[in-house]
Amino acid sequence: MASELELEMQAIDRSLLECSAEEIAGKWLQATDLTREVYQHLAHYVPKIYCRSPNPCPQKEDMVAQHVLLAPMEWYLCGEDSEFGFPKLQQANKPSHLCGRVFKVGEPTYSCRDCAVDPTCVLCMDCFLGSIHRDHRYRMTTSGGGGFCDCGDTEAWKEGPYCQKHELNTSEIEEEEDPLVHLSEDVIARSYNIFTIMFQYAVEILTWEKESELPADLEMVEKSDTYYCMLFNDEVHTYEQVIYTLQKAVNCTQKEAIGFATTVDRDGRRSVRCGDFQYCEQAKSIIVRNTSSRQTKPLKVQVMHSSLVAHQSFGLKVLSWLGSVIGYSDGLRRILCQVGLQEGPDGENSSLVDRLMLSDSKLWKGARSVYHQLFMSSLLMDLKYKKLFAVRFAKNYERLQSDYVTDDHDREFSIADLSVQIFTVPSLARMLITEENLMTIIIKTFMDHLRHRDTQGRFQFERYTALQAFKFRRVQSLILDLKYVLISKPTEWSDDLREKFLEGFDAFLELLKCMQGMDPITRQVGQHIEMEPEWEAAFTLQMKLTHVISMMQDWCALDEKVLIEAYKKCLTVLMQCHGGFTDGEQPITLSICGHSVETIRYCVSQEKVSIHLPVSRLLAGLHVLLSKSEVAYKFPELLPLSELSPPMLIEHPLRCLVLCAQVHAGMWRRNGFSLVNQIYYYHNVKCRREMFDKDIVMLQTGVSMMDPNHFLMIMLSRFELYQIFSTPDYGKRFSSEITHKDVVQQNNTLIEEMLYLIIMLVGERFSPGVGQVNATDDIKREIIHQLSIKPMAHSELVKSLPEDENKETGMESVIEAVAHFKKPGLTGRGMYELKPECAKEFNLYFYHFSRAEQSKAEEAQRKLKRQNREDTALPPPVLPPFCPLFASLVNILQSDVMLCIMRTILQWAVEHNGYAWSESMLQRVLHLIGMALQEEKQHLEIVTEEHVVTFTFTQKISKPGEAPNNSPSILAMLETLQNAPYLEVHKDMIRWILKTFNAIKKLRESSSPSPVAETEGTIMEESSRDKDKAERKRKAEIARLRREKIMAQMSEMQRHFIDENKELFQQTLELDASASAVLDNSPVVSDKTLTALGPAQTQVPEQRQFVTCILCQEEQEVKVESKAMVLAAFVQRSTVLSKDRSKFIQDPDPKWNPSRTVEFPV
Ligand SMILES: [Zn+2]
Ligand SMILES: [Zn+2]
Ligand SMILES: [Zn+2]
């Protein structure tokens, strides 16, 4: 037998089905107060249809609602049955050319890599298959839900904006026409009325905040005591917690509880109990009690009156109904947009659209996605209202983002996520920048949410609370918005755009200023740090901003006025950051070779230093752009070049590079892994473009504006090597004193690093603006060097190249010029191989090589040369000339201090026994000499009549050193080293240098009649050698090749072994790489001279033992008076040698407790 309730419901259902849409609509057409009539109808019927039983039955509810509630509205709108009315509207409609299909989660989307304006422009599958892009390079992704198809949007595609389905009829005029002309006056008036009422109703009921009351005009005469206990979704509590709590609170089975929890997660809310107020209130209090703790807020639960829940359910239905009705006609869509954006009685922010957006974070998930979809199918599909909506969105931007940051729902459920649809439309973005000052608003909003600062006003992430970290993660999406706004660059600049862009640029500089110098670190001496400091947040910020920083520069590059202004602003901010960089520092004077310079006393190893210098780096970027533009040469007076203080410009980037060198030299081991990670990311392909690369550029800028001798002295001082090179014979004294092995090695590594830096400063001129190259030269060079290591598969190569904001590397356009593609054999992958003719461009000291890559590349290139039966020298490649602004940089190679450094190191190598030096030090000096020779040769080759070659390196290295030490000339030392038996590997390089030297000498003689300074030493010409010698050499060569072949085989076997035992070797390799070869010069005592016993017993020096600390990885001698270090011991009882295993041994000594790690001094 049916229950009473069921019988009652059946009776209601019957009465509902007797409703006639025509009758009701007829009544409405006569009504004087239509709103009241409609509301009365809703007030009466909605609670009768929706939420009649604890378990909702949406299909049935919707069916009845369609019949009783929506059909009359449709009838009213069409003036007839909608079954006939809607098709008529559809026929009269001239559909828009926009596809606008809204993607579901997991639906495939396609973007054309050739034609899309940015990677956010996508097509649905149907449109893609019907478009020209199917034959282009495309990218397929699956949608996370929320976006829509951009087919038909001429701003989204460089070419082929329409698919076949959405193609413009060629006869049609493209001009925008008012879609309302296709509707009759009556329909316009009536749809305006009904849209206004229903949209208003939906907004009002969905944003209604009282739990047991309704808006006055919907309130019923007699109110039942039926309530729902409504559970809301949050991102804090887990599924398990919710399920457990529900079982307890509403006494349901686990299966039911799972069902509730799933719906709550999907729709954002679900009623879990239905009944009288008391009954629901009871469940609520149990849930709240069970889900609150000290750290977390309880789950959100509300006891809501059933009629309110009913109206809200219908409210959602109305929104989707509106969305489907406007699908019949673009005219109706426009009317709905107009209704939505019409300002309400409360003025600003009172339109229906504004009201919905502003209560976004208060709405539950399900309600949000319904109205977001309506916005997408209405406001974003109408060209006129899209603009107006964009303005509303921008005006509310700050509020919406703040709501989003404090809300806990994922981004895709927030209205803030709509920014991608609006800001990526170039015309809208431009309009919002100029009219709404959008750039500034975004940046300011972002900064407002990162309030945690140190005393200097810089961001501070140390001791960040969990809440702040959570906020920081959410606020990062604002950077993405900034990226969207900047992603399409302007082709024309209006004065307004200039003004507003520069205003935004100011705000951006403020942001960078808060990053300049953040997370400073101090070298840890004595003790190892106890806790790894927080570093990831700062790097996350830097990484997220990388593309934005690049795009800011791209924008500046497009307009000279903007560029100059931006440059000035950036310089001003940099001076604010470091204007007083000499504050509190002792000025000191440095002098070498008769040059002297004043600087400050500052040691990276003792004072604070930071890796974050975005302001300096932005200035470096802008400086390069200026150098590329004409304005720098035509109107230099417009530039603030005279205000630049080169020592100030170079100071911080130099410190940062010195820090890297010191870390590499092992001086910062006690600072732990956080520092190692930071250095890694500083050079990493994801960050280097706006970090490491720009520091190099900044130093290049500085050197080109100052006396290179001064620069080198400051550099020596920052590397803490000034003493060594400024004091004659310092090296000798230094090594004869029994110095700690660590210190010797440290200094050697620092010298190597410093030489490497000089090589980079002179050699890295492949960014357009630094050198006379174009962008493709840059990428070509990257690829050449990657392929110099080994042939690579496409994916591997892409990974090693930096991506731009459109996720492109630019590789495809140049790869064929530098590489052959070798089709996959049986082994699987196809590989790119470097073209042989590109090998001459190989630079052993390419700045993006890691240490491991560098040594692999060196080995590979030498092997290649041997295979080609060439000598194995790897001379520096011929480089493109510098741009005029950087041209004077080459003089660093022939500066007195540079020559002094070269001479000193060569001297060490000549008298190789008395000094601590390393082969890689020498190798770098040889490379530098090679670079100087290449430079001079090039200068001579392009010399013109009136042009005097001022680059006279060959003359300078032919002269002997000055008094008092009267060392031989560099050239003479090279000749000596050529025959040194301990330098076998470098012989070919030295020979190459001497050969090039002679070639230059000849060039000079032939080009200039003026006498060239005589060279000191004599150089043996190849021809002057007698046959005997040549024969011997030939034989030796054959022997050498055989030897090398065997060695190669052996190393191949070795590598094979290493490959098989990769993990084991990983660590050993790292250690090897960091230890530069120090020549051990301790005298060797022959065994024969030792006497073990008797009166003549040899005094054997006490055995010294060195062990490695497991914490800081530092070597230390084991001595009684040495410092403490950490060793670990693990002792376990064993029965291996026991005769009686049943015997229990008492723990003899607590020290041997197996579970303890013992720390003791040695
Ligand atoms: Zn489409
Ligand atoms: Zn299409
Ligand atoms: Zn295409």
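Why does Asp496 count as partly exposed? Because its relative accessibility is 47%, and partly exposed covers the range between buried (under 20% relative accessible area) and exposed (over 50%), using a 1.4 Å probe and protein chains only. Before the close-ups, please note that this is a predicted model, in which local features need pLDDT of at least 70 and side-chain atom pairs count only at pLDDT 80 or more, while totals for chains, interfaces and linings use all residues. Residues are numbered from 1 along each chain as its sequence is written, chains are lettered from A and ligands numbered from 1 in the order in which they are written, and side-chain values use heavy atoms, with hydrogens and water left out.

**View 1. A negative surface patch with Asp496 among its members.** Areas come from the Shrake-Rupley method with a 1.4 Å probe, and for residues only the protein chains shown count as cover. Lys and Arg count as positive and Asp and Glu as negative, leaving out His and the chain ends; each charge is placed at NZ of Lys, CZ of Arg, CG of Asp or CD of Glu. Helix α22 (residues 495-515) is the main contributor, giving three residues, and Asp496 sits in this helix. Helices (H or I, at least four residues) and strands (E, at least two) are DSSP runs numbered from the N terminus.

**View 2. Two salt bridges, Lys489 with Asp554 and Asp559 with Arg498.** A salt bridge puts a side-chain nitrogen of Lys or Arg within 4 Å of a carboxyl oxygen of Asp or Glu, and the count comes to 41. Lys489 meets Asp554 at 3.5 Å, N to O. Lys489 belongs to the loop between α21 (477-487) and α22, while Asp554 is in helix α23 (residues 536-557), 65 residues apart. Both ends are partly exposed: Lys489 has 26% relative accessibility and Asp554 has 32%. Asp559 and Arg498 come together at 2.9 Å, N to O. Since Asp559 is in the loop between α23 and α24 (560-578) and Arg498 in helix α22, this pair ties together parts 61 residues apart in sequence. Asp559 and Arg498 are both buried.

**View 3. Helix α33 and its link to helix α37.** The 23 residues of α33 (741-763) reach 33 Å from first C-alpha to last, close to the expected 33 Å, where the expected span is 1.5 Å times one less than the number of residues. The rest of the structure largely encloses α33, because 20 of its 23 residues are buried. Arg851 and Glu753 form a salt bridge of 2.7 Å, N to O. With Arg851 in helix α37 (residues 851-867) and Glu753 in α33, the pair ties together parts 98 residues apart in sequence. Arg851 is partly exposed at 33%, whereas Glu753 is buried at 10%.

**View 4. Two buried residues, Tyr682 and Cys112.** Tyr682, in helix α28 (residues 672-683), has 0% relative accessibility. Its C-alpha is 7.8 Å from that of Ile611, 71 residues away in sequence. Cys112 belongs to strand β1 (residues 105-112) and has 3% relative accessibility. Its C-alpha is 6.0 Å from that of Arg137, 25 residues away along the chain.

Technical notes. Patch = residues over 30% accessible without salt bridge, like charges linked within 9 Å, V, L, I, M, F, W, Y side chains within 5 Å.
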